[in-house]
Amino acid sequence: MRRVKALVHLPAPESIQVGGNVLEIRLVSALGADSGVKGTCCLGTRIIELDAGMNADSKTSTLLHELIEAINTVWLAGALEHGDIDRLGEALFQSLQDMGIEIEWEGTPPAPTGLSTPNPEPQPPS
Ligand SMILES: [Zn+2]
């Protein structure tokens, strides 16, 4: 359950800088059609690819995962195991959600938020 009263919607990022690398973010149709992969990060081409068919939350969590993959390579010399990258990505995604921060992916309906009817202020007992 989120503890914020309003959501902050960020526009979908076109790129993200990691160290000296500006990584372009691309949505790719059927990226994981054969492999089941949801995203990729290549520092050689400086491109992060995300499967365009995912819902908004999955796109955001996959972007965070691929971002941490890049951070692990650029800033940490590959010190993190892949399981650590998975857990850090999920932890960051949970924190963003808890703060009410969402990315508005173009053409992707936002996930249900449960915030459309704000909780009324508690009333004193009558
Ligand atoms: Zn990975």
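Q: Two residues are in contact if their C-beta atoms, placed from the backbone, lie within 7 Å; which residues does Ile-101 touch, not counting residues up to four places away in sequence?
A: By that rule Ile-101 touches Val-8, Leu-10 and Leu-96. The C-alpha atoms of Ile-101 and Leu-10 are separated by 7.2 Å, although the two residues stand 91 residues apart along the chain. This is a predicted model, in which local features need pLDDT of at least 70 and side-chain atom pairs count only at pLDDT 80 or more, while totals for chains, interfaces and linings use all residues. Residues are numbered from 1 along each chain as its sequence is written.

Q: How do you know what confidence the chain has on average?
A: The predictor's confidence in each residue is given as pLDDT, from 0 to 100, and the chain averages a pLDDT of 88, with 83% of the residues scoring at least 70. Where pLDDT is low, the predicted coordinates should not be read in detail.

Q: What makes up the elements of the chain, from the N terminus on?
A: Helices (H or I, at least four residues) and strands (E, at least two) are DSSP runs, numbered from the N terminus. The chain has two helices and six strands, and their order runs β-β-β-β-β-α-α-β. Ile-101 lies in strand β6, residues 101-104.

Q: How do you know how the span of helix α2 compares with what is expected?
A: The expected span of a helix is 1.5 Å times one less than its number of residues. Helix α2 (residues 82-98) has 17 residues and reaches 24 Å from its first C-alpha to its last, which is close to the 24 Å expected. Just after α2, Gly-100 takes a positive phi of about 80 degrees.

Q: What makes β4 and strand β5 a pair?
A: Two strands pair if DSSP finds at least two bridges between them, and β4 and strand β5 (residues 47-51) have four, in the antiparallel sense. Within β5, Ile-48 is the bridge partner of Cys-41, and Ile-47 is that of Cys-42. The two strands form a hairpin with four residues between them, and Arg-46 in the turn has a positive phi of about 60 degrees. Between β3 and β5, which run parallel, there are five bridges; Glu-24 has Ile-47 as its bridge partner in β5.

Q: Why do β2 and β4 stand at the edges?
A: The open sheet of four strands has the order β2-β3-β5-β4, with mixed pairing. β2 and β4 (39-42) each have a single partner strand, so one side of each is left without a neighbour in the sheet. From one strand to the next, the twist averages 20 degrees.

Q: What makes up the largest nonpolar core?
A: A nonpolar core is a set of buried Ala, Val, Leu, Ile, Met, Phe, Trp, Tyr and Cys residues joined through C-beta atoms within 7 Å. The largest one has 10 residues in all, among them Val-18, Leu-23, Cys-41, Ile-48, Leu-50 and Leu-63. The elements that give two or more residues to this core are β5 and α1, with the largest share, five residues, coming from α1. In soluble globular proteins, nonpolar side chains tend to be buried together.

Q: How do you know that β5 is mostly covered?
A: Four of the five residues of β5 are buried.

Methods. Axes are lines fitted to C-alpha atoms, for helices over the stretch in contact, and angles run from 0 to 180 degrees between N-to-C directions. A residue is buried if 20 or more other C-beta atoms lie within 10 Å of its own, exposed if 12 or fewer, and partly exposed in between; C-beta atoms are placed from the backbone.
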